[in-house]
Amino acid sequence: MQDSAARPTLGVHAIHPKNAETFKSVASTSEEIRTGRQSLQTACTNCHKLKENVRRCAKCKEAWYCSKECQKQHWPAHKVFCHPVEGSGIMKLVNNFSANPLLMLYLEAALIQKFDLLNNPRREPPHSARIDVGIEPAEIPDFLAVFEGQQTRTAEEMGGMMQINTIEPLKAIPSSQLSPERALIWNRTQESGAGQFCFGIIEFGNGESEQTIAAPMLIHPMAMEFVREAHPDTRTSALTGEVTIVPFSFDQCIEHMNMHIRADKKNQLLLRTALRASDIQAIRGAAENRSTRSAQAIRTKMAREPIYKPTRLTFVDARGNDGETSLSSLD
């Protein structure tokens, strides 16, 4: 056996031949997502009323106001969190994600498992969870190159896509102690949740920013049944043909969301976006195990999802010597 450490690492990115076919069979069209997005409502950050014509803060891109007057009234509270951001922020990505029925089904399934809602469907106090949204290179070889400090392509050449890094429960707060904004969201959830489980409030955040996008969350009966009847996944490696059985779990639900987004090569789901310098810095921070929220969220994601784990394969070289090589993970 030849010493594999003496041989160069061979990087291979394999795509399963049925990957595109599988994606096409289950993915929503861009038109369906745009239609679904129109049904989403945005509340003014100051008066909390739902309005058709709200405009976001041009500096931080995460606060929304129905008028200049509301923006001025809210400025004393907002200025603490108002920091300039690269790009267009995450609001559009969150809206496109929320308008996608398949992704929302897996998000509901993840929450059902994380909060054990099948066995403990309590409604008070309202549940609350933070969803950490990341933007990473659209192709896994580019992500690994950035992580390993071997980046050769620019951020513009790589392009980015939305990913779910972590979903973490937040401290439960009785509805009587919610802030006016959160109380309004909770009351609105209960009013519109006939026949559905009123989960509470979810908030989407990105990186180190304390500014989050809060939204009501309903759990549909179909999602409860989906989790109740779920079966393990059978997966076949695109390179080795090895078959593995993966139990249905909270981690698997997040992985399914990210795999579905990654499989979208033509941006049909409208979840691809420009890759920012801050996104690259977050990945490098994860490689260096920095204590920042974004770095640790990426490390959690990498530990959870097999696509980031190298696969070992036996090979025979031209001289007939046996050895091993390390392959980058599979798509």
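Visitor: How many aromatic pairs does the structure hold?
Guide: The structure, which is a predicted model, holds 6 aromatic pairs.

Visitor: How do you know whether Tyr106 is buried or exposed, and what about Phe226?
Guide: Tyr106 has a relative accessibility of 15%, and the cut-off for buried is under 20%, so Tyr106 counts as buried. Phe226 has a relative accessible area of 24%, which falls between the limits of 20% and 50%, and therefore Phe226 is partly exposed.

Visitor: What makes the pair of Phe143 and Phe147 stacked?
Guide: The ring centres of Phe143 and Phe147 are 6.3 Å apart and their planes stand at 10°; planes under 30 degrees apart count as stacked, so that is the name for this pair. Both residues lie in helix H6 (residues 140–147), where they are 4 residues apart, about one turn of the helix. Phe143, at 0% relative accessibility, counts as buried.

Visitor: How do you know that the charge of Lys114 belongs with the ring of Phe250?
Guide: The charged end of Lys114 sits over the ring of Phe250, at 4.6 Å from the ring centre, and this distance can be set against the limit of within 6 Å.

Visitor: Why do strand E8 and strand E11 stand at the edges of their sheet?
Guide: The open sheet has 5 strands in the order E8-E7-E5-E6-E11, with mixed pairing. Strand E8 (213–219) and strand E11 (272–273) each have a single partner strand, so one side of each is left without a neighbour in the sheet.

Visitor: How do you know that strand E6 and E11 pair?
Guide: Strand E6 (residues 160–169) and E11 are joined in the antiparallel sense over 2 bridges, and since at least two bridges are needed, the two strands pair. Within E11, Thr273 is the bridge partner of Gly160.

Visitor: Why is Thr166 called buried?
Guide: Thr166, which is placed in strand E6, has a relative accessibility of 9%, and as this is under 20%, Thr166 counts as buried. Apart from neighbours within four places in sequence, Thr166 is in contact with Arg130, Ile131, Asp132, Ala297 and Thr300.

Visitor: What is the confidence of the model?
Guide: The mean pLDDT of the protein chain is 82, and 84% of its residues reach 70 or more. The pLDDT stays under 50 over residues 312–320, however, and it is also below 50 over residues 324–331.

Key. Residues are numbered from 1 along each chain as its sequence is written. This is a predicted model: local features need pLDDT of at least 70, side-chain atom pairs count only at pLDDT 80 or more; totals for chains, interfaces and linings use all residues. Side-chain values use heavy atoms; hydrogens and water are left out. pLDDT is the predictor's confidence in each residue, from 0 to 100. Contact means heavy atoms within 4.5 Å. Rings of Phe, Tyr and Trp (its six-membered ring) pair if their centres lie within 6.5 Å; planes under 30 degrees apart count as stacked, over 60 as edge-to-face and the rest as tilted. Buried means under 20% relative accessible area, exposed over 50%, partly exposed in between (1.4 Å probe, protein chains only). A charge sits over a ring if NZ of Lys or CZ of Arg is within 6 Å of the ring centre and within 35 degrees of the ring normal.
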